[in-house]
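Me: I would like to learn how to read salt bridges and helix packing in a model of this kind. Could we go through the features one at a time?

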Amino acid sequence: MKVFSERLKDLRKTKNLSQKQLAEIFETTNSSICDWECGRSQPDLEALARIAVYFGVSTDYLLGLEDEDGSKTFL
């Protein structure tokens with residue numbers, strides 16, 4: 001899930017949000033956001049979908065299954 005961790009962190013920084021602010025938006029803990037960005041854990045499916053909607057990206061993009069332009073990638 002290294003791709004997810006990196007993409008979440010990049011998207012958060014693009015919106016100039018702290019981990020604490022993102023945690024408040026997704027109604028989770030700062031520790032959870034930190035764990036997701038460090039690759040220690042992953043969000044559940046509901047949280048993954050909410051992240052995708054909030055940042056305007058697909059879940060496939062978050063998971064590394066497609067690039068920013070929507071073209072499919074192979075892990």
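Reply: Let us begin with what counts as a helix: helices are DSSP runs of H or I with at least four residues, numbered from the N terminus. Please keep in mind that this is a predicted model.

Me: Where do Lys 2 and Glu 6 lie, and how many residues apart are they?

Reply: Both belong to helix α1, and they are 4 residues apart, about one turn of the helix.

Me: Which residue forms a salt bridge with Arg 12?

Reply: The partner is Glu 37, with the closest N and O atoms 2.5 Å apart. Arg 12 lies in helix α1 and Glu 37 in helix α3, so this pair ties together parts that are 25 residues apart in sequence. Since buried means under 20% relative accessible area, Arg 12 at 8% is buried, and Glu 37 at 9% counts as buried too.

Me: At roughly what angle do the axes of α1 and α3 cross?

Reply: They cross at roughly 125 degrees and come within 6 Å, which makes α1 oblique to α3. In this contact, Phe 4, Ser 5, Leu 8, Lys 9 and Arg 12 of α1 meet Trp 36, Glu 37 and Cys 38 of α3.

Me: How many residues has the largest nonpolar core?

Reply: In soluble globular proteins, nonpolar side chains tend to be buried together. Here the largest nonpolar core has 16 residues, and Phe 4, Leu 8 and Trp 36 are among those with the most contacts inside it; the largest share, 5 residues, comes from α4.

Definitions and conventions: Residues are numbered from 1 along each chain as its sequence is written. This is a predicted model: local features need pLDDT of at least 70, side-chain atom pairs count only at pLDDT 80 or more; totals for chains, interfaces and linings use all residues. Side-chain values use heavy atoms; hydrogens and water are left out. Axes are lines fitted to C-alpha atoms, for helices over the stretch in contact, and angles run from 0 to 180 degrees between N-to-C directions. Helices (H or I, at least four residues) and strands (E, at least two) are DSSP runs, numbered from the N terminus. Angles under 35 degrees count as roughly parallel, over 145 as roughly antiparallel, 65 to 115 as roughly perpendicular and the rest as oblique. Contact means heavy atoms within 4.5 Å. A nonpolar core is a set of buried Ala, Val, Leu, Ile, Met, Phe, Trp, Tyr and Cys residues joined through side-chain atoms within 4.5 Å. Buried means under 20% relative accessible area, exposed over 50%, partly exposed in between (1.4 Å probe, protein chains only). A salt bridge is a side-chain nitrogen of Lys or Arg within 4 Å of a carboxyl oxygen of Asp or Glu.
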